[in-house]
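Open the model in your viewer and keep the selection panel at hand.

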Amino acid sequence: MEFAGLTIEIALFLFSIAIIAGFLDTLAGGGGLLTLPALMMSGMPPLLALGTNKLQSCVGAGTASMMMLRNRRVRWRQIKELMPAAFIGSVIGTVIVQFVNTEALTFIIPVVISVIGIYFLLTPTVDAENKPAKVSAVSYRNFVVPLIGCYDGVLGPGTGSFFTLAGRALRAQKFLEATAIAKTLNFSTNIASLLVFLFAGQVIWLVGFIMMLGQFIGAWLGAHCLFKIPVNYLRYLVVIMCFGMLAKYVTT
């Protein structure tokens, strides 16, 4: 589809936002907080904004995932069963959002985001040795991952943080491990959601391609910084993004 409101100024604005979002998404998640409102500010209807957002975010998540796998920060055996589960959940969520009023769902988002922000603010940075997982690998794969994937299909912002929180709290993953795995799962949910939006014709290709370039640049920079920035800084970045998202939803 075409977008009549696209000007050079808007294109440069969206390109810049995509760079920042790709960088932040790779480090802490929450890039959708920037890109989705930016697309809607440009004059796009909500479903077109959601679909185009998935197109551009696939590049950022895909770039980050590729670098995590290539640098062996994530092993394929860790994610080979989780990625299909995330994919299925996202497909279900994206189909649902085609038929429901998304405003009716947003009342739960501030609560969820608050929980994530408080969790990362209060939990210690140092990873405990031999910390037991709270749910089994099977339950995590069959229920938790698809549920987060479904959320990404319905709305999306904060999905990377949700995956990181779930890995930390439920599977006792270390912070950087949970963050790295979250990138691959977020890529899977983005691809799934994009396929549904493409089928529904809810994507602006030109805008998506402009932002895809920005996402690639931002994700490349973020992936190179992820394992060089002190873990404590990353933890507070997650907190900032969570409460930034909370402020956005409270004021809209």
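A crossing is left-handed if the near helix is turned anticlockwise from the far one by less than a right angle, and right-handed if clockwise. Keep that for the helix pair below. Note too that this is a predicted model.

**Select the whole chain.** Show it as a cartoon. You get 11 helices and 0 strands. Now colour by burial. Of the 252 residues, 53% are buried. Next, draw the contacts with a separation of 6 or more. Residues 24 or more positions apart account for 84% of them.

**Select residues 8–27, then 32–41.** These are helix α1 and helix α2. At what angle do they pack? The angle is about 160°, and the axes lie 8 Å apart. Because angles over 145 degrees count as roughly antiparallel, α1 is roughly antiparallel to α2. Look along the line joining the two axes. Which hand does the crossing have? α1 passes α2 in a left-handed crossing.

**Show side chains at the contact.** On α1, pick Phe 13, Leu 14, Ile 17, Ala 18, Ile 20, Ala 21, Leu 24 and Asp 25. On α2, their partners are Gly 32, Leu 34, Thr 35, Ala 38, Leu 39 and Met 41. Colour this set by residue class. The contact of α1 with α2 divides into 11 nonpolar residues, 2 polar and 1 charged. Asp 25 of α1 is the charged one. Gly 32 and Thr 35 of α2 are the polar pair.

Methods
Residues numbered from 1 in each chain as written. Predicted model: local features only at pLDDT ≥ 70, side-chain atom pairs only at ≥ 80, totals over all residues. Heavy atoms only, no water. Helix = DSSP H or I, 4+ residues; strand = E, 2+ residues; numbered from the N terminus. Buried < 20%, exposed > 50% of the residue type's maximum accessible area, 1.4 Å probe, protein only. Contact = heavy atoms within 4.5 Å. Axes fitted to C-alpha atoms, helices over the stretch in contact; angles between N-to-C directions. Parallel < 35°, antiparallel > 145°, perpendicular 65-115°, else oblique.
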